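Subject: Structure for you to look at

Hello,

Here is the structure I said I would pass on. My notes follow below it.

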Amino acid sequence: MKITDLMIQETMIMDLQATTKDEAVDELIASLNQSGRINDPALFKEMIYKREAESSTGIGGGIAMPHAKTKAVNEPTVVFAKSKQGLDFEALDDEPAHIFFMIAAPEGAGNTHLRTLAALSRLLVDSDFIAELMNTNTPQEVSALFDAKQAEAAEKEAAKEKAKAERVAQASSTESGANNVKNNSGVIVGNANTEEFVVAVTACPTGIAHTFMAEDALKKKAQEMGINIRVETNGSEGAQNVLTADEIARAKGVIIAADKNVEMARFDGKPVLQRPVSDGIRKSEELIRKAVNGDAPIYRSQGGKASDEGAGDSKTSVGSKIYKDLMNGISHMLPFVVGGGILLAISFLVEQLGGSDNPIFKLLQTIGGEGAFHFLIPVLAGFIAMSIGDRPALMPGMVGGLMAVNSNAGFLGGLAAGFLAGYVVIGLRKALKGLPKAIDGLKPILLYPVLGLLIVGTIAYYIFDPVFGALNTWLVDALGNLGTGNKVLLGLLLGGMMAIDMGGPFNKAAYTFAIGVFTSSGNTDGAWMAAVMAGGMAPPLAIALATTFFRSKFTEQERKSGLTNYVLGLSFITEGAIPFAAADPLRVLTSCIIGSAVAGGLTQLWSINVPAPHGGIFAAALANHALLFLLAVSIGSVISGLILGLWKKSPTLVK
């Protein structure tokens, strides 16, 4: 398939009028919508910004490649656009973007389409080709240039395959072929005695563009440097050109240019550079040079992270590391929270209707409370530990969490046990480093589990459980004895925190606090859960109201996107407001924080209790004052919507 089968001329924009990133996204989406290539512009825009939140698709060199893979797309399409004056697309090199490729891929995009998009991405690392694109004036010229370039690339690939086949044939007929190493397709990739050899893995969240651009950039730079390289891609079709054990073993170093998780255990003991996929595109020479020189941390698949060797390459702050580990625990805990919590909430409703002897009530209590909820803290602790110390830390972390449950140390004790277990295993790895290599195999299956469990269990039993048990009891009692004024203040704080970053650290901190109190108070006190749920529902609802009643203040695409926020807000999905906050952070965040704080404070003023940790409007019926809960959410949403609508300026009209 030709690239121009996807990059159709009727969608091309040869003189983009946008002057901002948001305007550019709207203009490109409008072209897709007018040609009938997408069926839900609001959803498509939401997915575009979701990808932008992970890392900017302004890849530098004057190019931006916003893309999304979603059911909102009817047919795979690439919108080509040029901006003569250029605009700030938050590019990785801080330079303005002049060339745009908006990639729209349906959820069920076929392999042929995905391979074509990969071919497009590979072309864009050629600076001469980009210069030629900048000189085009008509859609016809753009199409002709891509057709010619793709044909040229196909000819080069055919010649390369022919040369490889000839080398394979020659190697198989001579004794010298014994030293050659073949990849999993039987193609020679180098000589086993070659020292200058590195391997790499490229991956991005959608696996459509950056994955293959990084692959091609690394290959081209390695060829210029005279270094052999093998690159595995983790794209939409899955892992391609998978690295063999032999290739990994003989590589001087490993490059992981990825924005998502890749299989890492196979690189145990190798110098591994872990960087964003964008570095694979723009910093390929630096990465290859470091990999060849072994200038990277030694990766250890057992016992956690890279060794101290090369640690200077790490750019992760202590705060970011703690947050990442905590989020790993919370993300694995959430299914237990949601599933068990909602079943528990329904059980309370059944109890009110049929009494405590009702068999359905007992069943739901057993499944939700004694079942799912019993695992909350052990799962939280276990996966915090695993994020720090890898698999050997999972078991001692979970046991430490279970001990916290049984001793009333609760949520706080579980957090402490999780972090303790992770760092205990890292400490054990360092302490046992000098043991004979003959017993290396015993470390993950005997030494780490036994010693890790003994150390974590002992510290938890004698220190964590008594200390956090007393602290937890005091916290629950103190919250239970708060006067109305103090409850309202805490409700204001929790509600406002839910809107500060809409799914980020502040949001998660407030939600985690509410979950902690919820689980520590016998699974019946949902007062603080009411505050955070109301605070989390208000921002998307406020956006929806503002785009509905202040239509002139928003673009057509924003108005359409705003409609989806009614559903997202009612479902307690705060992230629906993120695209609007990204485009206008001062006005959107300020107005949303005010409304969310009001909503959270009102839940405490009216003593509202929501015995479910999620569900939004669907959990409202389970509240002790369902109508008042909905009123609190409504008041907060209206306040935010009014502030935003009155404060926001009308958009600049685009010709």
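Helices (H or I, at least four residues) and strands (E, at least two) are DSSP runs, numbered from the N terminus. This is a predicted model, in which local features need pLDDT of at least 70, side-chain atom pairs count only at pLDDT 80 or more, and totals for chains, interfaces and linings use all residues. Residues are numbered from 1 along each chain as its sequence is written, and side-chain values use heavy atoms, with hydrogens and water left out.

Two loop residues first. Glu-90 sits in the loop between strand 4 (77-87) and strand 5 (97-105). Its phi is near 55 degrees, which is positive although the residue is not glycine. Asn-241, in the loop between strand 10 (238-240) and helix 7 (245-250), also has a positive phi, near 55 degrees. Asn-241 counts as partly exposed because its relative accessibility is 37% (buried is under 20% relative accessible area, exposed over 50%, partly exposed in between; 1.4 Å probe, protein chains only).

Next, strand 8 (residues 197-203). Seven of its seven residues are buried, so the strand is largely enclosed by the rest of the structure. In a regular strand the side chains alternate between the two faces of the sheet. In strand 8, Phe-197, Val-199, Val-201 and Ala-203 are buried on one side, and Val-198, Ala-200 and Thr-202 on the other.

Two strands pair if DSSP finds at least two bridges between them. Strand 8 runs parallel to strand 9 (residues 228-235), with seven bridges joining them; Phe-197 has Asn-228 as its bridge partner there. Strand 8 also pairs in the parallel sense with strand 11 (residues 254-258), over five bridges, and Thr-202 stands opposite Ala-257 in strand 11.

Regards
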